[in-house]
Amino acid sequence: MTIINMILPPTKKNRRYGVASQITHITIHETGNTNKGANAKAHANYLNSTQAEQAPVSWHFTVDDKDIVQHLPENESGYHAGDGGQGHGNRHTIGIEICVNQDGNFNKAMKNAAELCAYLMSIYDININNVLQHYDWSGKNCPENMRANDNKLWKAFIAKIIDFSKNKIEEVIEHVPAWGAEAWQWATSDSSLQISSPPYSTPNMLQVAVLLHALWRDICNNFVLTKEN
Ligand SMILES: [Zn+2]
């Protein structure tokens, strides 16, 4: 899974630069735009427009049948949930738009979005029950196709996320984000720490003990050096 970085410039009025989100949920949308070419990159261009700036409107990721494009850092609030600037949906949820362009494959786009959800849930410790619809925040009929027929596609989408989370997370999640890169490099390059698992696997108590012992060992070594100096 590759995420294409098209993050909005900090000066854009639809980007709330520096407004930190305490991420609690993921909010799922459909773009509602069936035009040919209304894919993920086209929506990145739209978010960069004066129109989107004035609305204001912004969200974190757009997914189509080929690409996942990022528009905002995950930990920054957007304008997508329709519950007001200070509403919980806008302030504390990661917004994902799924493309419905007629020249795309909607099923594949949903599958890509499910993979992205599994990835974000693992990083930010989000429970499947906290993957919500735009509808849940503001009553808008979005994501429209997934909500149709008593949420038929929505239920399949949630099942797909669970499937990714349970069975494929180790294949899906190889990516270490920039904020964790230095720590991960340190931990995996020290063979005495015994870290050979994927970055988002849960440690057991023995591994926790090894890490604490390594920390203690380093503190003691530094203390001895300080005394000798
Ligand atoms: Zn929506």
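Start with the sheet: select its 6 strands, which form an open sheet in the order β1-β4-β3-β5-β2-β6 with mixed pairing. Strands here are DSSP runs of E of at least two residues, and helices are runs of H or I of at least four, both numbered from the N terminus. Two strands pair if DSSP finds at least two bridges between them. At the edges are β1 (3-5) and β6 (131-133), each pairing on one side only. From one strand to the next, the twist averages 30°.

This is a predicted model, in which local features need pLDDT of at least 70 and side-chain atom pairs count only at pLDDT 80 or more, while totals for chains, interfaces and linings use all residues. Residues are numbered from 1 along each chain as its sequence is written.

Next, select β2 (25-30). A residue is buried if 20 or more other C-beta atoms, placed from the backbone, lie within 10 Å of its own. 6 of the 6 residues of β2 are buried, so this strand is largely enclosed by the rest of the structure. H25, T27 and H29 lie on one side, and I26, I28 and E30 on the other. In a regular strand the side chains alternate between the two faces of the sheet.

Now show the neighbours of β2. β5 runs parallel to β2 and is joined to it by 6 bridges; H29 stands opposite E97. β6 also pairs with β2 in the parallel sense, over 3 bridges, and L132 is the bridge partner of T27.

Move to β3 and β5, a parallel pair with 3 bridges. Here F61 has I96 as its bridge partner.

Select the largest nonpolar core, which has 35 residues, among them V63, I96, I98 and A113. Such a core is a set of buried Ala, Val, Leu, Ile, Met, Phe, Trp, Tyr and Cys residues joined through C-beta atoms within 7 Å. α4 gives the most to this core, with 10 residues. Centre on A113: beyond its neighbours within four places in sequence, this residue is in contact (C-beta atoms, placed from the backbone, within 7 Å) with V63, I96 and I98.

Then select α1 and colour A40, H43, A44 and L47, its buried residues. Viewed down the helix axis, they fall within an arc of 105°, so they line one face of α1; the arc is that of the directions from the axis to the C-beta atoms. These buried residues pack against α2 (50-54), β3, β4 and β5.

Finally, zoom out to domain 1 (3-172) and domain 2 (178-228), with bounds from an automatic or database domain assignment. Their centres, taken over C-alpha atoms, are separated by 35 Å.

Methods. Buried ≥ 20, exposed ≤ 12 C-beta atoms within 10 Å, placed from the backbone. Contact = placed C-beta atoms within 7 Å. Axes fitted to C-alpha atoms, helices over the stretch in contact; angles between N-to-C directions.
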